[in-house]
Amino acid sequence: MAWCSAARSPCTSASTWNGSPRPAAPTPRSRRRCWCACSTPASTCAASAPSIVSTYGLTESCGGVVYDGVPLDGVTVEIGEGGEVALGGPTLMRGYRGDPVATAAALAGGRLRTGDAGHLDAAARLHVAGRIAEVIVSGGVKVWPGPLEAVLREHPGVADVAVTGAPDPEWGERVVAVVVPADPARPPTLEELRDHAGARAGRHRAPRELRIVDALPRTALGKLRRGRLGP
């Protein structure tokens with residue numbers, strides 16, 4: 001495991017060094033390449049390694065099967081209904097043990113429905129937006145938590161951040177920023193974060209509510225527990 005310090009989340013990775021024995025405690029300068037599999041954009045992990053290769057895959061696909069948007073030989077990537085990413089190829093699971101109903105739903109048409117939304121660019125490279133179940137629809141606009149979190153994390157007053165949705169009578173859902181401040185005595189204000197996010201992601205995606213917390217709920221491996229962020 002390698003820790004993405006900029007993102008404060010763990011990334012499954014493998015690294016190579018320049019012909020010398022693997023050091024006991026490698027430094028960023030000694031690392032040549034890092035394969036990064038996490039929800040954080042690779043650009044935010046650049047401080048951890050000079051060369052980042054982002055991977056995409058699931059347990060059901062036996063791990064990473066797409067590297068920097070390009071599938072491995074024999075692996076197919078399709079964008080299905082609602083923008084859902086579907087994978088095909090020899091690495092897919094045969095099914096969930098003892099659960100034929102879940103297997104049939106996940107492997108509809110011989111393709112693995114990932115539950116992730118994404119698109120293929122002009123070069124047929126895959127770009128993943130996030131989990132379909134996590135998208136926030138505010139005023140008819142889809143707001144993906146991951147990209148907005150990356151933008152808010154760049155604010156100097158933010159040490160850590162998670163984005164979630166809350167019911168709103170006017171907007172359907174409002175975007176909520178749950179922030180761990182860099183300086184608890186001087187936390188960022190909602191207007192500061194709205195201006196920061198609006199200039200980079202669009203005002204319509206900027207948070208409409210701010211919650212200041214001491215820490216975000218995470219697993220032992222650092223994965224965010226979005227279900228514990230509250231409505």
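## Basis of the description

The structure is a predicted model, in which local features need pLDDT of at least 70 and side-chain atom pairs count only at pLDDT 80 or more, while totals for chains, interfaces and linings use all residues. Residues are numbered from 1 along each chain as its sequence is written, and side-chain values use heavy atoms, with hydrogens and water left out.

## Overall composition

The protein contains three helices and 16 strands. Here helices (H or I, at least four residues) and strands (E, at least two) are DSSP runs, numbered from the N terminus. Of its 231 residues, 39% count as buried. Buried means under 20% relative accessible area, exposed means over 50%, and partly exposed lies in between (1.4 Å probe, protein chains only).

The accessible surface of the protein comes to about 12800 Å², and carbon and sulfur atoms hold 54% of it. Such areas come from the Shrake-Rupley method with a 1.4 Å probe; for residues, only the protein chains shown count as cover. Among the contacts in the protein with a separation of 6 or more, 46% are between residues 24 or more positions apart. A contact means heavy atoms within 4.5 Å.

## The sheet of E14, E15 and E16

Three strands form an open sheet in the order E14-E15-E16, with mixed pairing. Its edge strands are E14 (158-168) and E16 (209-212), each of which pairs on one side only. From one strand to the next, the twist averages 25°. Two strands pair if DSSP finds at least two bridges between them. Strand E14 and strand E15 (residues 172-181) run antiparallel and are joined by ten bridges. Within this pairing, Ala166 stands opposite Arg174 in E15.

Helix H2 (residues 145-153) packs on the sheet and touches E14 and E15; the direction of H2 makes about 140° with that of E14. For such values, axes are lines fitted to C-alpha atoms, for helices over the stretch in contact, and angles run from 0 to 180 degrees between N-to-C directions.

## Two helices in contact

The axes of H2 and helix H3 (residues 190-201) come within 9 Å and cross at roughly 120°. H2 is therefore oblique to H3. Angles under 35 degrees count as roughly parallel, over 145 as roughly antiparallel, 65 to 115 as roughly perpendicular and the rest as oblique.

The crossing of H2 and H3 is right-handed. A crossing is left-handed if the near helix is turned anticlockwise from the far one by less than a right angle, and right-handed if clockwise. On the H2 side, Leu148, Val151 and Leu152 make the contact, and on the H3 side the residues are Leu193, His196, Ala197, Arg200 and Ala201.

Strand E9 (residues 84-88) is largely enclosed by the rest of the structure, because five of its five residues are buried. Glu84, Ala86 and Gly88 point one way from E9, while Val85 and Leu87 point the other way.

Strand E8 (residues 76-79) runs antiparallel to E9, and four bridges join the two. Thr76 has Gly88 in E9 as its bridge partner. The hairpin of E8 and E9 has four residues between the strands, and in it Gly82 takes a positive phi near 75°. E9 also pairs with strand E10 (residues 112-120) in the antiparallel sense, over three bridges. In this pairing Leu87 stands opposite Leu112 in E10.

## Strand E10 and Asp116

Asp116 lies in strand E10. With a relative accessible area of 8%, Asp116 is buried. Apart from neighbours within four places in sequence, its contacts include Tyr56, Glu84, Val128 and Arg131.

E10 pairs with strand E11 (residues 126-131) in the antiparallel sense over five bridges. Ala117 stands opposite Gly130 in E11. The hairpin formed by E10 and E11 has five residues between the strands.

Most residues other than glycine have a negative phi. Ala124, in the loop between E10 and E11, has a positive phi of about 65° although it is not a glycine. Ala124 is partly exposed, with a relative accessible area of 48%.

Cys62 also has a positive phi, near 60°. Cys62 lies in the loop between strand E5 (52-58) and strand E6 (63-67). At 62% relative accessibility, Cys62 counts as exposed.
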